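Colleague: I would like to go through the labels used for this model and hear what each one rests on.

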Amino acid sequence: MGKDIEVGTEYAPKDYQDPPPAPLIDPEELGKWSFYRAIIAEFIATLLFLYITVLTVIGYKSQNSTDQCGGVGILGIAWAFGGMIFVLVYCTAGISGGHINPAVTFGLFLARKVSLVRAIMYIVAQCLGAICGCGLVKCFQKAYYVKYGGGANMLNDGYSTGTGLGAEIIGTFVLVYTVFAATDPKRNARDSHVPVLAPLPIGFAVFMVHLATIPVTGTGINPARSFGAAVIYGHHKAWNDQWIFWVGPFIGAAIAAFYHQFILRAGAVKALGSFRSNA
């Protein structure tokens, strides 16, 4: 296969095709059913994600309160989050791209993978889906929901705000970097002889990050997940720490987008070389 290697200011022919950058604003999207179908898919996927994962968290806490060896444990919670992302990304990737996370949407927007209109509508749908998912959990677990924290993300005792913010930044970087790597058309062309299922590494990234950061913040890395739980739970502590679960993931997503697009894919170097050739 040909390789995309710089030779002076020229490059060898590509054996893959990069999709064109998404326009900043694309009015034509608003007239397409596929656009609204994708928004609905993001809403339902985020609803299901919050329903299963928050129900798992509350179930574990209620069982653990009477038996310290009861429940699925932190490992089980991490599997619930990672497993649901794997399943839902697999189901919705062909419809909406399977974002299910405002930070992922933000990172892909910065990389010009989605338009501004689509990014905003995805984030709104994801937040509404998260609220509805947590609302369902509260309906089914009225006796335990408030008592065991409603699955809300909060900075745990013994950790500083800086530590919590850093954990969210790094955790989201791992996730969004994995998303870029798993969906990179260049990787798909070079590794065509290896069957790569994109949802699998993305789900594992979520699983591994949860193992590392559950003791710190309960693991957000998804602003919609943190926002939906805070809205339904309503406790002041969840709202006091809410900014961490927006600022951290958005910073982590921005760093991942820059790292993948301009460092690993050498976007800045190629642009400079093209400029020099034209000059």
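Colleague: Why is Lys 237 called partly exposed?

Modeller: The model is a predicted one. Lys 237 has a relative accessibility of 29%. Buried needs a value under 20% and exposed one over 50%, so Lys 237 at 29% falls in between and counts as partly exposed.

Colleague: What makes Asp 241 buried?

Modeller: Its relative accessibility is 8%.

Colleague: Why is the contact between Lys 237 and Asp 241 called a salt bridge?

Modeller: The closest N and O atoms of Lys 237 and Asp 241 are 3.1 Å apart. Side chains of opposite charge can pair when their charged atoms come close.

Colleague: How many salt bridges does the structure hold?

Modeller: There are 2. One of them joins the side chains of Glu 29 and Arg 118, with 2.8 Å from N to O. This pair connects distant parts of the chain, 89 residues apart: Glu 29 sits in the loop between strand E2 (10–11) and helix H1 (33–64), and Arg 118 in helix H4 (residues 116–140).

Colleague: How do you know whether Glu 29 and Arg 118 are buried or exposed?

Modeller: Glu 29 has a relative accessible area of 9%, and Arg 118 has 15%. Both values are under 20%, so Glu 29 and Arg 118 are buried.

Colleague: What makes residues 35–60 a "transmembrane region"?

Modeller: That name comes from an unreviewed UniProt entry, which lists residues 35–60 among its transmembrane spans. Such annotations may be inferred rather than shown by experiment. In the model, residues 35–60 are 100% helix and 0% strand, with end C-alpha atoms 38 Å apart. The entry also lists residues 243–262; that span is 95% helix and 0% strand, and its end C-alpha atoms lie 28 Å apart.

Colleague: Which residues are closest to the centre of the largest pocket?

Modeller: The largest pocket has a volume of about 1,100 Å³. Of its 50 lining residues, Leu 108, Ala 111, Lys 113, Phe 180 and Gln 261 are the closest to the centre. Helix H10 (244–264) is among the elements that supply at least two lining residues, and H10 gives the most, with 6.

Colleague: How does the lining of the largest pocket divide by class?

Modeller: It has 28 nonpolar, 13 polar and 9 charged residues. Lys counts as charged, so Lys 113, one of the residues closest to the centre, belongs to the charged class.

Methods: Residues numbered from 1 in each chain as written. Predicted model: local features only at pLDDT ≥ 70, side-chain atom pairs only at ≥ 80, totals over all residues. Heavy atoms only, no water. Salt bridge = Lys/Arg side-chain N within 4 Å of Asp/Glu carboxyl O. Helix = DSSP H or I, 4+ residues; strand = E, 2+ residues; numbered from the N terminus. Buried < 20%, exposed > 50% of the residue type's maximum accessible area, 1.4 Å probe, protein only. 1 Å grid on protein atoms, 1.4 Å probe; cavity = no way out; pocket = protein on both sides within 12 Å on 5 of 7 lines; lining within 4 Å. Points joined across faces, edges and corners; volume = space filled by probe spheres on them.
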